[in-house]
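Hi,

Here is the structure I promised to pass on. Have it open while you read, and my notes on what turned up in it follow below.

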Amino acid sequence: MSEAREKAIGRTVKKLSVVVVAMFAFVFVVMVPLYDVLCDALGLNGKTSNERYRAVAGEVLTEREVTIQFIAQNNDGMTWGFRPADNVLRVNPGAVNETVFLASNPQPRAMIAQAIPSISPSRAAEYFHKTECFCFNQQPLDGGSSTEMPLQFIVDQGLPADIRTITLSYTLFDVTPDEVSDDQHLAAR
Amino acid sequence: MGDHHHGPAKGITRWLTTTNHKDIGTMYLWFSFAMFLLGGAFAMVIRAELFQPGLQLIEPAFFNQMTTMHGLIMVFGAIMPAFVGLANWMIPLMIGAPDMALPRMNNWSFWILPFAFAILASSFFMEGGAPNFGWTFYAPLSTTYAPPSVTFFIFGVHILGLSSIMGAINIAATVMNMRAPGMTYMKMPLFVWTWFITAYLLIAVMPVLAGAVTMMLMDIHFGTSFFSAAGGGDPVLFQHIFWFFGHPEVYIIILPGFGVVSQVIPTFSRKRLFGYDSMVYATASIAFLSFIVWAHHMYTVGMPVAGELFFMYATMLIAVPTGVKVFNWISTMWRGAMTFETPMLFAIGFVVLFTMGGFTGLMLAIAPADFQYHDSYFVVAHFHYTMVAGAIFSMTCAVYYWLPKWCGRMYNETLGKTQFWVSFVGFNLTFFPQHFVGLAGMPRRIPDYALQFADFNLMSSVGAFIYGASQLLFLYNVVATIVAGEPVEKEQVWEGAEGLEWTVASPAPYHTFTTPPDVK
């Protein structure tokens with residue numbers, strides 16, 4: 001094969017290899033963030049805002065009631081007790097509501113947890129405003145102790161009329177940064 | 001490159017160390033045929049279980065492994081390597097090149113394949129069994145609820161993806177740099193064109209597949225939550241990434257088949273291909289459109305109406321270039337001096353049946369209607385009309401068409417035609433009734449079904465056994481040809497054939513076009 005042709009082949013291979021690497025990176029650095037941005041913009045997958053909602057004085061629609069269901073669950077390997085104090089609340093759009101979730105750490109050592117929220121139906125996510133939520137921060141807890149974690153929310157007056165029930169789900173993750181917990185993670189798999 | 005005057009090495013080392021495009025092509029073809037029989041055996045198990053309602057032969061858990069492995073093996077083990085093998089054999093011969101551009105990488109990209117599938121198939125013997133989440137491996141079935149063997153599946157997909165990417169780079173580099181003087185892009189045979197475009201599709205989307213399985217690996221073992229809603233991820237994201245790969249993938253499977261048929265129909269119509277330029281542009285349009293229609297596989301996940309409409313119209317747009325191709329094939333046959341040798345039968349069978357698969361595809365593209373068809377046997381019927389009658393028929397067509405050139409012997413025409421008709425009848429008997437049971441509501445991937453579907457399923461199963469047997473006839477015919485076929489004297493095996501591959505001796509010598517031919 002002539003040297004010129006070998007060089008040309010080398011150039012082609014280099015270019016195509018760049019495309020391969022770029023497409024692999026594309027999945028991680030473009031597709032995933034883009035999906036999140038689109039879901040945020042379109043309110044698609046039930047992710048609630050991680051920003052505290054600045055309460056604005058508004059009219060409370062006393063004639064309309066919405067059922068709010070609360071679900072609490074542990075992620076794989078998480079050993080805490082975790083449940084809502086109220087399983088169901090009936091609320092008026094526009095009103096400020098408060099409830100608590102109960103968490104207890106049965107382990108003999110201090111741990112830190114992070115709750116990740118999700119809303120169903122996903123269309124309701126943009127109408128569910130949290131003015132105070134334990135999920136905004138990590139929750140440290142000493143071994144053997146328990147706590148009440150507050151949640152304060154307002155259901156927007158603009159909630160579509162066909163949505164009568166909203167389910168708010170929290171999953172609790174172990175985010176304790178020491179190696180003991182890593183061992184536990186592995187043991188739990 | 002000093003071995004131009006030598007033949008192949010002797011013994012097993014010839015096959016292990018070969019960099020010859022014909023040797024590697026042959027290995028790809030045999031390997032893919034072995035995988036085809038394996039995937040076919042799984043299909044026979046599936047049809048045997050579905051022969052009657054109720055559970056007879058296998059456990060539901062094993063049934064799930066069968067449907068999953070049937071899909072994976074057929075797509076990644078049978079169809080894709082078969083067309084890569086065909087490309088290895090034919091592209092250098094068609095563009096007047098002495099070999100592929102990267103012969104050593106070519107050897108490697110073949111030889112990692114058997115390892116990928118050994119890893120994949122070994123999962124049957126592992127605790128929890130083989131992958132059971134469907135060939136589309138949707139999360140969380142393939143992450144949270146997957147059997148432990150999913151990790152082996154992921155590594156298998158990584159390896160076969162690597163093999164595909166290397167094969168595609170090799171083909172693209174060959175087409176771009178190895179053409180004989182005078183062989184301009186718009187003089188290339190259509191098989192070369194379709195493969196050139198396929199290579200670009202592969203290079204663009206196989207890394208996306210690798211990314212998807214890498215995310216699965218991280219979710220399973222490293223505590224990330226790409227696809228887990230509990231950790232702030234989203235299983236629907238998996239479907240988007242998968243089908244962003246998956247829709248171009250179905251064109252990766254079918255475009256080389258378009259190329260084969262575009263070679264064969266002119267030969268046996270004794271006319272030039274009608275609308276060569278439009279064929280090239282139609283192929284390129286299909287490839288482009290394949291990147292913007294992926295979500296038509298997921299109409300029911302809960303998309304905004306605007307999204308459903310966009311993907312619906314974009315999908316229907318694909319019917320335009322595909323229609324151009326079908327009309328061109330028919331126009332090529334129009335008033336041609338047609339004869340109906342086995343390759344031509346398979347080519348015409350391809351055009352008829354693939355068009356039917358295309359029409360059911362249009363039905364599925366209608367977003368509101370898809371809510372009924374989704375995940376039913378109608379979908380199974382649709383994609384088998386495109387993948388079996390599309391890819392497998394065109395592949396069989398290609399083998400009959402070029403086999404005399406490969407081995408210098410003519411196959412048995414009667415046996416070939418018999419195989420075509422047995423395949424044709426068996427195929428339609430298998431998959432045509434599936435349209436009906438699908439529309440009536442029979443879901444796919446379930447080992448049992450309601451009593452009212454019993455008759456059609458019995459027909460499907462009988463058809464599948466006939467179709468399966470026809471492949472053994474194919475194997476016999478090919479082996480008998482290689483061992484004891486009538487020797488072919490002429491270089492031009494088919495009187496109406498055009499192209500550089502018909503200017504070399506039959507069988508094609510081990511080294512061809514060491515001096516480039518003159519292309520007018």
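Helices α8(B) and α10(B) run roughly antiparallel to each other, because angles over 145 degrees count as roughly antiparallel (under 35 is roughly parallel, 65 to 115 roughly perpendicular, and the rest oblique). In this predicted model, α8 (residues 276-289) and α10 (residues 319-333) of chain B pack at about 150°, and their axes are 8 Å apart. Axes here are lines fitted to C-alpha atoms, for helices over the stretch in contact, with angles from 0 to 180 degrees between N-to-C directions. Helices (H or I, at least four residues) and strands (E, at least two) are DSSP runs, numbered from the N terminus.

α8(B) goes past α10(B) in a left-handed crossing, meaning the near helix is turned anticlockwise from the far one by less than a right angle (clockwise would be right-handed). On the α8(B) side you'll find S278(B), M279(B), A282(B), S285(B) and I286(B), and they meet P321(B), T322(B), V324(B), K325(B) and N328(B) of α10(B). By class, that contact has five nonpolar, four polar and one charged residues. For the classes, Ala, Val, Leu, Ile, Met, Phe, Trp, Tyr, Cys and Pro are nonpolar, Asp, Glu, Lys and Arg are charged, and the others, Gly among them, are polar. Contact means that the C-beta atoms of two residues, placed from the backbone, lie within 7 Å.

Two housekeeping points. Residues are numbered from 1 along each chain as its sequence is written, while chains are lettered from A and ligands numbered from 1 in the order in which they are written. Since this is a predicted model, local features need pLDDT of at least 70 and side-chain atom pairs count only at pLDDT 80 or more, whereas totals for chains, interfaces and linings use all residues.

Chain B has another helix pair for you to look at. α14 (residues 413-439) and α15 (residues 454-484) of chain B have axes that come within 8 Å and cross at roughly 155°. α14(B) and α15(B) are therefore roughly antiparallel as well, and their crossing is left-handed. The residues in this contact divide into 16 nonpolar, twelve polar and no charged.

- The peptide bond from A139(B) to P140(B) is cis, with omega near 5°. P140(B) is in the loop between α4 (103-122) and α5 (150-177) of chain B.
- S506(B) and P507(B) are also joined by a cis peptide bond, with omega about -5°. P507(B) falls in the segment after β2 (486-487) of chain B.
- R270(B) is not a glycine, yet has a positive phi of about 55°. You'll find R270(B) in the loop between α7 (235-269) and α8 of chain B.

Now for the sheets of chain A. An open sheet of five strands has the order β3-β1-β9-β5-β7, with mixed pairing. Strands pair if DSSP finds at least two bridges between them. β3 (88-91) and β7 (139-141) of chain A are the edge strands, each pairing on one side only, and the twist averages 30° from one strand to the next. β1 (residues 66-74) of chain A pairs with β3(A) in the antiparallel sense over four bridges, and I68(A) has L89(A) in β3(A) as its bridge partner.

Four strands of chain A form an open sheet in the order β2-β4-β8-β6, with antiparallel pairing. Its edges are β2 (81-84) and β6 (128-133) of chain A, and here the twist averages 25° from one strand to the next. Four bridges join β2(A) to β4 (residues 96-104) of chain A, with P84(A) opposite F101(A).

So where do the chains meet? On the chain A side, 25 residues are in contact with 29 residues of chain B. The elements of chain A that give two or more residues to this side are α1 (3-42), β5 (111-120) and β9 (165-174). The largest share, 16 residues, comes from α1(A). By class, the chain A side has 17 nonpolar, seven polar and one charged residues.

Finally, confidence. The predictor gives the complex an ipTM of 0.90 and a pTM of 0.86. For pLDDT (the predictor's confidence in each residue, from 0 to 100), chain B has a mean of 95, with 99% of its residues at 70 or more. Chain A has a mean of 85, and 85% of its residues reach 70 or more. Over residues 185-189 of chain A the pLDDT is below 50, and beyond near neighbours in sequence this stretch has four contacts in the model.

Cheers
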